[in-house]
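Biologist: Please take a close look at one strand of this model and the parts around it. I would like to know what it pairs with and how it sits among the rest.

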Amino acid sequence: MTTALNPLTRPGAATTAATVEIRCPQQGWVPVCTLDDLTPGRGVAALLPDGTQAALFVDRAGQAYAIANRDPFTGAQVLSRGLTGSADGRAFVASPLLKQRFDLASGSCLDDPEVSVAAYPVRTRGGARDC
């Protein structure tokens, strides 16, 4: 598992890059990595303070997304390893195991409307992309 580290605590990390933060239910906004740590089309797993995992993604336009990393169909922490794409204008990640697609903005399963994963609000702070 690749874990995104807090850029403020990672040795030798630059502090001028935009920081990606996830809003966790009990902890509020939690910094997890820099925007430069994310590559379009590839996910990164982050361990959150409550012990859960999030899968972070960024699209080619620089929009960051975070959903739960746990695949609800298998229980494995693998969504960060999935393939990204879009369907009907919706960015998704397909689980690397059984290939179900999850909307990156809402966490809903595009292949089974009764299933979803948590979707976390994401923001970037600092750098040129403060939003």
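Modeller: Ser80 is buried, with a relative accessible area of 6%; buried means under 20%, exposed over 50% and partly exposed in between, using a 1.4 Å probe and protein chains only. The model is predicted, so local features need pLDDT of at least 70 and side-chain atom pairs count only at pLDDT 80 or more, while totals for chains, interfaces and linings use all residues. Residues are numbered from 1 along each chain as its sequence is written, and side-chain values use heavy atoms, with hydrogens and water left out.

Ser80 lies in the loop between β5 and β6 (83-87). Strands here are DSSP runs (E, at least two residues), as helices are (H or I, at least four), numbered from the N terminus. Leaving out residues up to four places away in sequence, Ser80 touches Gly43, Val44, Ala45, Ala55, Phe57 and Asn69; contact means heavy atoms within 4.5 Å.

β5 pairs with strand β4 (residues 53-58), to which it runs antiparallel with five bridges; two strands pair if DSSP finds at least two bridges between them. One of these bridges links Ala54 to Ala68 of β5. The two strands form a hairpin with five residues between them, and Gly62 in that turn has a positive phi of about 90 degrees. β5 is also joined, by two bridges and again antiparallel, to strand β9 (residues 119-120). There, Ala119 is the bridge partner of Ile67.

In a regular strand the side chains alternate between the two faces of the sheet.

Next come the cores. A nonpolar core is a set of buried Ala, Val, Leu, Ile, Met, Phe, Trp, Tyr and Cys residues joined through side-chain atoms within 4.5 Å. The largest one has 18 residues, of which Val20, Ile22, Val32, Leu38, Leu48 and Leu56 touch the most other members. β1 (19-24), β2 (28-34), β3 (44-47), β4 and β5 each supply at least two residues of this core. Apart from it lies another core of twelve residues, among them Ala55, Phe57, Cys109 and Val115.

Beyond neighbours within four places in sequence, Val20 is in contact with residues including Leu56, Ala64 and Val122. Ala91 belongs to strand β7 (residues 90-94) and is partly exposed, with a relative accessible area of 21%.
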